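Have a look at it first, and then we'll go through how the chains meet.

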Number of protein chains: 2
Amino acid sequence: MAMAGYKGFLGLLVSALLVGFLSVIFTLIWVLHYREGLGWDGTELEFNWHPVLLITGFVFIQGIAIIVYRLPWTWKCSKLLMKSIHAGLNTVAAILVIISLVAVFDFHNAKNIANMYSLHSWVGLTVVILYILQLFLGFFIFLLPWAPLSLRALLMPIHVYSGLLIFGTVIATVLMGVTEKLLFMKNSSYSSFPPEGVFVNTLGLLVLVFGALIFWIVTRPQWKRPKEPNCALLQPNRGTSEGVEGSMAMNSGNVDKSDSELNSEATARKRNFMLDDAGQRSTM
Amino acid sequence: MAMAGYKGFLGLLVSALLVGFLSVIFTLIWVLHYREGLGWDGTELEFNWHPVLLITGFVFIQGIAIIVYRLPWTWKCSKLLMKSIHAGLNTVAAILVIISLVAVFDFHNAKNIANMYSLHSWVGLTVVILYILQLFLGFFIFLLPWAPLSLRALLMPIHVYSGLLIFGTVIATVLMGVTEKLLFMKNSSYSSFPPEGVFVNTLGLLVLVFGALIFWIVTRPQWKRPKEPNCALLQPNRGTSEGVEGSMAMNSGNVDKSDSELNSEATARKRNFMLDDAGQRSTM
């Protein structure tokens, strides 16, 4: 399907993937080369899973999950498939994030370091809770077919806003975490420009640039998934956009849970379509 | 002029003003009660201007400057007046930011502390440079009447995106700065939950909530300044929206700098109108 400014999109997508991938590589080099490596034994080796899993899951995978509807070669796929991929990527990210939290609490408890005293931990835990809440709400309201259209239309702008706010706050929290860890350095002082300090500052910049690229891609109106019904969903009664919107306008107030299975499918199609529309009007 | 969801807007605006004001008050209490106070003598008293001026200028005033077009009681004012207020608030913020940087460099140099080693300083200085660049570009391209329409239309989405990216990055930088300062505490350790730590963590949360409120307000499409020409600008040849757009379509490719003063004014009107339109389509 045609996309306005396709070359620009492709350039930014490749840049985002490259910068995101580099962020993960930089984090691995940080913990494997400059730090003690990885392990699960209550020592620094266990702590080191914290940045690795967070940059991989909460930054890179969440970033990709945010722009997955923008990939033009998925526009011929059903909206349900794309929603499942969006939810799936966010679920993988959530699992990595939870493991990364276990790693840091384990490490703190083994070393008798206080938990939850820093601004990094306050903002970080809040954003993890909001992320999991967002994941559950998204699953029950937008992926499962049961929520009424009116509720979906009401919540879609909030879902989009919350998603981007969470993503931005995650990046801010990563920058705080990096700052903390570099100030905890024992062997060499951060203020004497040690190679680790310069390297990890660069990692921080990479994470920030990745976030900036994802925000640009997701907020371009011309790169949104088109409103038109896709082939997979509307093969049986394919029509012009006007025709579908017209039939939708007639039926949308009439969603009935006692429909037969076939009718439910049709209803789900209409729901998906309305939602597409709501999503597209609300996506910032 | 009527605004959809006016009560919701008012509630969020009052919340944003309150949280922004509280952030400034918390910063003052931090430096006056928990720290050494304010002064300009190369000691900590001079450093303390850094958080005070940054939270006041770069967070609070910049945040208000971002949403100034959204205030419905300004929709009857000319766009030029609103642009001047937007530019004026950002200029005041830029001046406070520059003084706050002088304060921290002065303090570092007087105390022989290294400059520019931390991620906070790297991101912070970058964002100040981008902010001043954005201010100059905005002044010459959008406020002065000389830039061609095509250039304005091309740059408006970038102006809006850059503005919000800068604002978000400023908040992330503030959170890093707060983290740094709390980890530098000598008398009491951050990890033992001292009152200062809890208080300044709360300040960090306030700044984050202020940013979240500004982002919500500025990204609601229903709260944008309407496209319709305002009374001040279009009194001479007021017409229906269609009529104005029609005449614009005919003339917009024909902007000539050798126009007489009156014609220039008419051209500027059209420019403003086009820009309104471009801005409204592009504002996220």
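## Across the interface

Let's start where chain A meets chain B: eight residue pairs, both partners at pLDDT 80 or more, are in polar contact across that interface. A polar contact here is a pair of N or O atoms within 3.5 Å; within protein, one must be able to donate a hydrogen and the other to accept it, and residues adjacent in sequence count only if both atoms are side-chain atoms. Salt bridges between chain A and chain B come to zero, taking one as a side-chain nitrogen of Lys or Arg within 4 Å of a carboxyl oxygen of Asp or Glu.

## Ground rules

This is a predicted model, where local features need pLDDT of at least 70 and side-chain atom pairs count only at pLDDT 80 or more, while totals for chains, interfaces and linings use all residues. Residues are numbered from 1 along each chain as its sequence is written, chains are lettered from A and ligands numbered from 1 in the order in which they are written, and side-chain values use heavy atoms, with hydrogens and water left out.

## What chain A brings

Chain A puts 39 residues into the contact and chain B puts in 39, with contact meaning heavy atoms within 4.5 Å. Together the two chains bury about 3,300 Å², 79% of it on carbon and sulfur atoms; that is the accessible area (1.4 Å probe) that two parts lose on being put together, summed over both. Tyr117(A), Leu119(A) and Trp122(A) supply 19% of what chain A buries against chain B, more than any other three residues.

Which helix gives the most to the side of chain A that touches chain B? That's α6(A), with twelve residues. By class, this side of chain A has 27 nonpolar, nine polar and three charged residues. Ala, Val, Leu, Ile, Met, Phe, Trp, Tyr, Cys and Pro count as nonpolar, Asp, Glu, Lys and Arg as charged, and the others, Gly among them, as polar.

## How the copies relate

Conventions. Helix = DSSP H or I, 4+ residues; strand = E, 2+ residues; numbered from the N terminus.
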